[in-house]
Amino acid sequence: MTADHAHLKSDFLRSVTARGQFHQCTDLEGLDKAAAQGVTGYIGFDMTAPSLHVGNLTQIMYLRRLQQAGGKPIVLLGGGTTRVGDPSGKDEIRQMLSEEQIVKNTNSIRGTFQKFLSFGEGESDAILVDNSEWLMPLNYLDFLRTVGRHMSVNRMLSMDSVKLRLEREQPMSFIEFNYMILQAYDFVELKKRYNCSLQMGGSDQWGNIINGVELGRRMEGFELFGLTQPLITTASGAKMGKTAQGAVWLNADMVSPYEYWQFWRNSEDADVGRFLKIFTDLPLDEIARLEALKGAEINDAKKVLATEATALLHSRDEALKAEQAAHDTFVKGVTSENLPTFNVTNDELAQGLRIGAAFQRAELVASNGEAKRHIAAGALRVNDQAVTDETATISTADLVDGAIKLSLGKKKHALLRVG
C-alpha cells in the first residue's frame, strides 16, 4: 500500500491496492466510503470468442476481490455491445459476429464466472446480467434525444481508442464509434436497475468509464465511481495470456488443466510475486516469503503459483493432478522414457531460440522447411502444447524443472537442457 493510500478504510480498496491492482479512481475518498458500506460494482465482458482467456482473468479476480470484501459483483455480458465491437486497443475494424455465434459464445462462457464468484440472492451474491436486455429494444431516435445529446463528439474524438486509429489513418466504422456511448449507457441502466455505483476495468477502459460516470450525472444526477487496474504485461513486456502457441483459454476443452498449469509454471522469475498477488488468494505474507526465494528455489514459487491458479479455475484435484503429471514428465522423464537429451546455453534461451533451430538441435527435424511443414500439420509440440507460429521462439520461460520437452507427433520426444 502506498503512502497516499495508507488512510483507506474499505477492505476492498485496501486489498486491491496491496495486491497491485490499483491504477486510477474517479473519486478515491468517495469510493472508499461507499465500499466500506458494501458497494455494487460491475465489469463488462463481450462475447467475441467461445471462451474467456487469461487476459480476462485480471477482471474476474477484480470482481472476486470486491465480493471477498463484502461488495456485490455484477458480471455484465455484452450480448448487445458484442454486436458493435469495442475499438479499444484495436488497429482495425472488428469482424462482425452473427447473432447465432454471439449466443453460442455467451452460453459457452457463462460457467467460467461460477468458478470464481458466488452467485445467488444474498446481499453480496454475484449476479449475471446481459446488456442485450436494454440495448436491443432501444429506439434509435429516442436514444439520440435522451442519451446522445449528453455525449460530446469533441470528447469522444480525444479518446485513445479513437485518436490512435485516426492518427494511424486506420479505418473506424461508425458502429464502433458508437460503442463508448453504449458502454456509458450500460452504467446508467445498471444504476437504475441494480443500484450499481461502480464500474471497474483495465486502464485502457478509463475513458469509457469516465463517460459512464459523467453520463449518469448529466442524465439522472447519479453519483457513480470508476476504478481501473494496470494492464498486465509480463516482465519482458509481452501481453498477458499470450504464448507462442496462442491464447491461454479458460475453458478446459480449449486449454487442458495440465496446459493451464504449465502456463503459470513457465512464468518469468520477475513476475512470480506479482502474479501470486493478482491471480491467487494466498495471504500476502506467504507471497512475500515465496517472492524472496532466489536461484533455483524460485521454481518452488512458480509451482505454488501454477497449482493455486489452476485450483481456482479447474479445482484443487485437477491442479494436483497437473502438478503430478508435470513432475512425472520432466523429473522422471529422462529415466522412465529414456528421452534423448540435448544441451542449449543460457545465452541462447535468453535471446530466444527459433522453433525450427530448437527442433533441429534436438534432431527431430532436418531443416526449417521440415519444421514449417510439421507446424502446419499440427505435429510439433513444446512442453506438450501445440506450436502454431513458425516464427515463435523458445526461451528461459519455457524451462520446466530445468528442461524443455520437444515432441514430433506422439512418439518422438527429446529434452533440451541448459548445459
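I took helices (H or I, at least four residues) and strands (E, at least two) as DSSP runs, numbered from the N terminus, and fitted axes as lines to C-alpha atoms, for helices over the stretch in contact, with angles running from 0 to 180 degrees between N-to-C directions. The model is predicted, with local features needing pLDDT of at least 70 and side-chain atom pairs counting only at pLDDT 80 or more, while totals for chains, interfaces and linings use all residues. Residues are numbered from 1 along each chain as its sequence is written, and side-chain values use heavy atoms, with hydrogens and water left out.

**α3 and α4.** I looked up helix α3 (residues 54-68) against helix α4 (residues 99-116), and their axes come within 10 Å and cross at roughly 45°. The two are therefore oblique to each other (under 35 degrees counts as roughly parallel, over 145 as roughly antiparallel, 65 to 115 as roughly perpendicular and the rest as oblique). For contact I used heavy atoms within 4.5 Å, and found Leu57, Ile60, Met61 and Arg64 of α3 meeting Thr112, Phe113, Lys115 and Phe116 of α4.

**α12 and α15.** I then noted that helix α12 (residues 257-265) packs on helix α15 (residues 298-314) at an angle of about 140°, with the axes 8 Å apart. That makes α12 oblique to α15.

**α2.** In helix α2 (residues 28-36) I listed Leu28, Gly30, Leu31, Asp32, Ala34 and Ala35 as buried (under 20% relative accessible area, with exposed over 50% and partly exposed in between, for a 1.4 Å probe and protein chains only). Their cover includes α1 (11-18), β1 (24-25), β5 (198-202) and β6 (225-229). Just after α2, I found Gly38 with a positive phi of about 95°.
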